[in-house]
Amino acid sequence: METIDELQDEVIEDFSQVDDWMDRYQMLIDLGEELPPMEEEYKTQQNLIDGCQSQVWLQADMTEDGKIVFSADSDALIVKGIIALLLKVISGHTPDEILQSELYFIDRIGLKDHLSPTRSNGLLAMVKQIKMYALAYKNKA
């Protein structure tokens, strides 16, 4: 399996091929549409991410080989694309790998610069929640 940094570099490469931000937003929307549907049972208050303007649910499960697999959904297209992008990079790695990763792709593709302040806060809240799940699973091990 590819490392988190290798996956981030792929994302940077994908986005660097598109200059126009309207096209990049479309890429995000497409990513969101490719996100596997989340089980309704996981769309709970407990899985809602605080700090997001739209509703974002995030569920984390530990596999038998010690990797965390995330599932997520959102009621907003671009936000769903953002969480899909995060999961593409993070999901399927160990708690240590997730905790030690620095998610530099967010800045490199210019995502922060092109999000409204509320969406930027939501993005930070998503990253924080992913790291919190990783920490919780690490402490359980």
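Predicted model: local features only at pLDDT ≥ 70, side-chain atom pairs only at ≥ 80, totals over all residues.
**Entry 1: salt bridges**

I began with the charged pairs, and I counted six salt bridges in the structure. Side chains of opposite charge can pair when their charged atoms come close. I then went through some of the pairs one at a time, noting the distance and the accessibility of the partners.

For lysine 43 I found a salt bridge with glutamate 40, in which the closest N and O atoms are 3.5 Å apart. Lysine 43 has a relative accessibility of 26% and is therefore partly exposed, whereas glutamate 40 counts as exposed because its relative accessible area is 61%.

I next looked up aspartate 73, whose side chain meets that of lysine 80 in a salt bridge at 3.3 Å, N to O. Both aspartate 73 and lysine 80 are buried. When I asked which residues are joined in a network of salt bridges, I found that Glu40, Lys43, Asp73 and Lys80 are linked in one.

I also noted lysine 112, which forms a salt bridge with aspartate 107, with 3.7 Å between the closest N and O atoms. Lysine 112 is partly exposed, since its relative accessibility is 35%.

**Entry 2: serine 74, in strand E2**

I located serine 74 in strand E2, which covers residues 68–74. Is serine 74 buried or exposed? With a relative accessibility of 8%, it falls under the 20% limit and so counts as buried.

I listed the contacts of serine 74 beyond four places in sequence, and they are Ser54, Gln55, Val56, Trp57, Val79 and Lys80.

**Entry 3: glycine 32, in helix H2**

I turned to glycine 32, which lies in helix H2, residues 21–34. Its relative accessible area is 2%, and glycine 32 is therefore buried. Leaving aside neighbours within four places in sequence, I found glycine 32 in contact with Lys80, Gly81 and Ala84; Lys80 is again a member of the salt-bridge network. As a check on separation, I looked up tyrosine 42, ten residues from glycine 32 along the chain, and the C-alpha atoms of the two are separated by 17 Å.

Which residues does histidine 114 contact, apart from neighbours within four places in sequence? I found Trp21 and Tyr25. Histidine 114 and tyrosine 25 are 89 residues apart along the chain, and their C-alpha atoms are separated by 9.4 Å.

Moving on to helix H6, residues 117–140, I looked up serine 120, which lies within it. The relative accessible area of serine 120 is 15%, so this residue is buried. Beyond four places in sequence, serine 120 touches Lys112 and Leu115, and Lys112 is the residue that I had recorded as paired with aspartate 107.

I ended in the loop between H4 and H5, where I found serine 101. Serine 101 is buried, because its relative accessibility is 10%. Its contacts, not counting residues up to four places away in sequence, are Ile4, Ile90 and Lys131. For comparison with the residues of the first entry, I looked up the separation from aspartate 73, which is 28 residues from serine 101 in sequence and 23 Å from it in space, C-alpha to C-alpha.

Glutamate 102 sits in the loop between helix H4 (95–100) and helix H5 (105–108). At 58% relative accessibility, glutamate 102 is over the 50% limit and therefore counts as exposed. I then asked which residues form the negative surface patch, and I noted Glu2, Asp5, Glu6, Asp9 and Glu10 together with Glu102.

Technical notes: Residues numbered from 1 in each chain as written. Heavy atoms only, no water. Patch = residues over 30% accessible without salt bridge, like charges linked within 9 Å, V, L, I, M, F, W, Y side chains within 5 Å. Areas by Shrake-Rupley, 256 points an atom, 1.4 Å probe, with all protein chains shown as cover. Salt bridge = Lys/Arg side-chain N within 4 Å of Asp/Glu carboxyl O. Lys, Arg positive; Asp, Glu negative; His and termini not counted. Charge placed at Lys NZ, Arg CZ, Asp CG, Glu CD. Helix = DSSP H or I, 4+ residues; strand = E, 2+ residues; numbered from the N terminus. Buried < 20%, exposed > 50% of the residue type's maximum accessible area, 1.4 Å probe, protein only. Contact = heavy atoms within 4.5 Å.
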